[in-house]
Amino acid sequence: SSSSTSRPWSTARKKTATMASLAAVSRAFSRSARRVQTSRKEFSTLLNALEEYPGLPETTPEQAKASTVSVTTLPSGLVVATEDAATSSTVTMTFPKGGSGSEMLGEQGAALINKCLAFNSGSGLSTVLINRTIENEGGTPFASADRTKSTLGFTVEPENVLGLVPLLATDCTFEKWDVRDAIKLANYQAGEANKSAQIVLTEQIFAGAYGPQSAMGRAFYSPDATFDDIVAFRNRGFGVSGAVLTATGVKDHQSFCTALGEVLSEANAGTAGAATAPTYLGGEGRISAPSSGFAHVALAFDVAASIPLRNVLKQCLGVAGASSGVGAFETAGLVGVYAGAPSEGVGALEATLTETMTTTLTDEIVGRAKALAKAEALFALDAGSVSQAAAITESVLAGETFTSATALAASYDAITTKDVTAALAAAFKTNPSLAAVGDIGVVPYQGTFASRFN
C-alpha cells in the first residue's frame with residue numbers, strides 16, 4: 001500500500017523534472033535566437049538596404065530643389081536653354097521663322113501644313129520608324145504652330161533625351177503620301193477652326209492689327225499652299241540657326257550643349273538672320289453673320305513692353321471689366337478686351353469695351369492684377385514640364401532673362417502702377433485694332449472706337 005500511495009508523487013516529480021528540462025531548452029533556444037538576431041543586426045549595419053537587398057527602390061530620394069535655367073548659343077546659331085530640377089524631360093525645338101508670320105506671298109497655309117508634317121519621313125527614316133523610336137523610349141511627341149513660331153517636342157525620361165533629339169531636326173523628304181495626309185489633316189483642322197467663333201475672331205483681330213494681306217494678318221488656318229510652297233517654307237524656316245532648343249530635367253548644361261553640337265552637326269541650318277518683325281498698323285476685321293443671333297467683339301492695342309508688364313496690363317483690364325462681363329487677352333504683343341452679347345444687347349458693347357479700356361488704374365487694381373499675373377506665370381512653371389518648357393522658350397524668344405522661378409516672381413513684384421499706366425498710355429497713342437464677328441450690324445466701325453482714345 002505504501003508503494004501504491006507513493007506512485008502519484010513519483011509521477012508528479014517526473015513531470016516537474018520534464019517541464020524544467022523543457023524550460024531550460026526553451027531558454028537556451030531563446031538565448032541562441034537573440035545572439036543570432038544580434039549578429040544579424042550588427043551585420044546589417046555594415047550594409048545599406050540596396051547592398052543587402054538588391055533591387056529595392058531608393059527610400060531616401062534626392063531632396064527637391066528650385067530649378068535654375070541656363071542658356072547658351074552654339075556655333076550653329078542654335079540657342080539651348082536647360083532647366084535642372086524637373087523629374088521628367090520635355091525637349092522642344094522652336095523655330096521662330098516657322099510661324100505663318102514668316103510665310104512669303106503665295107505661301108499661305110505652309111506653316112499649318114508643315115506642322116501637320118511633324119515627325120514624318122526625313123533623314124533616311126520613315127514616319128513609322130521615327131514615331132516608333134520615340135514611343136519605344138517611353139516618349140510622347142507633340143507639335144504646335146501659330147503666327148510667330150512652330151514647335152516640335154517630346155516628353156521622355158531624362159536619360160533618353162540625347163538619343164531622340166536628332167528626330168526634332170530631321171531633313172524632311174516630303175514623301176507624297178506624307179504630304180497628302182498632312183494636307184488632309186490641315187483641311188480638317190481649318191474646317192474645325194472655322195466653326196469656332198473665338199478662333200475666327202482671333203483671325204480677324206490679327207487682320208485688323210497687321211492688315212489682311214500681310215503675313216501676320218492673313219488667316220493661319222488655311223490649307224491652300226502648294227507642294228513647292230510647303231517645301232520652300234520648310235527649308236527656309238525649319239533650320240537650327242536661330243532656333244531655340246529647350247530641355248527640362250538636364251543636370252549638366254555644359255555637357256548637354258557639347259553633346260548637342262555633335263548629334264546635330266548635320267542638321268539643316270536654314271536661313272541666316274532673325275525672323276522679320278511685323279509692322280503694326282491698326283484697323284479692323286469684320287465678318288457679318290446676322291443669323292447667328294450673337295455678336296463677338298474684340299478691341300486691342302499693340303503694347304511694346306516686357307512679357308511680365310503685358311501680363312499685368314492684361315490682368316488689370318480683366319479686373320476692370322469683370323463686373324461688366326468683359327474679358328482680357330494678350331497674344332503676340334497685342335493686349336486687349338473682348339465681349340459678346342446676343343442681338344438685342346449688341347448696341348451696348350461699344351461703351352462696355354471702351355469704358356473698360358479707359359478705367360483709371362488704381363494701386364488696388366494694379367496690386368490685384370500683379371498677384372494674378374504672377375500666380376498665372378508661376379502656376380505655368382508648376383503645371384508640368386511641357387508648360388515649363390513653353391514658358392522658358394517664350395522668355396528666350398523675347399530676349400528676356402529667365403533664370404529661376406524666384407527671379408520670375410521678382411520681375412512681377414518690381415512692376416509699379418506708374419509702369420502699367422505708362423504702358424497703357426503709350427498704347428493709346430497707336431491705332432486700335434477691332435474685330436467683330438456675328439450679328440454686328442449695329443457695332444460701330446473702327447474709327448468710332450479710335451476716337452474714344454485720341
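The largest pocket in this predicted model has a volume of about 1,500 Å³, where a pocket, on a 1 Å grid over the protein atoms alone, is an open set of points where a 1.4 Å probe fits, with protein on both sides within 12 Å along at least five of seven lines, and a volume is the space filled by probe spheres set on the points, which are joined across faces, edges and corners. Of the 48 residues that line this largest pocket, meaning those with an atom within 4 Å of a point, Asp146, Thr148, Lys149, Thr331 and Ala332 are the closest to its centre.

A word on conventions: residues are numbered from 1 along each chain as its sequence is written. Local features need pLDDT of at least 70, side-chain atom pairs count only at pLDDT 80 or more, and totals for chains, interfaces and linings use all residues, while side-chain values use heavy atoms, with hydrogens and water left out.

Helices (DSSP runs of H or I, at least four residues) and strands (runs of E, at least two) are numbered from the N terminus, and among the elements that give two or more residues to the lining of the largest pocket are β3 (89-95), β4 (140-145) and α13 (385-397). The most comes from α13, with seven residues.

Turning to the second largest pocket, its volume is about 440 Å³, and of its 22 lining residues, Ile307, Asn311, Ala377, Glu394 and Tyr412 lie nearest its centre. Which element gives the largest share of the lining of this second largest pocket? That element is α13, with five residues, and so α13 is one of the elements that give two or more residues to the lining here, together with α10, α12 (363-381) and α14 (405-413).
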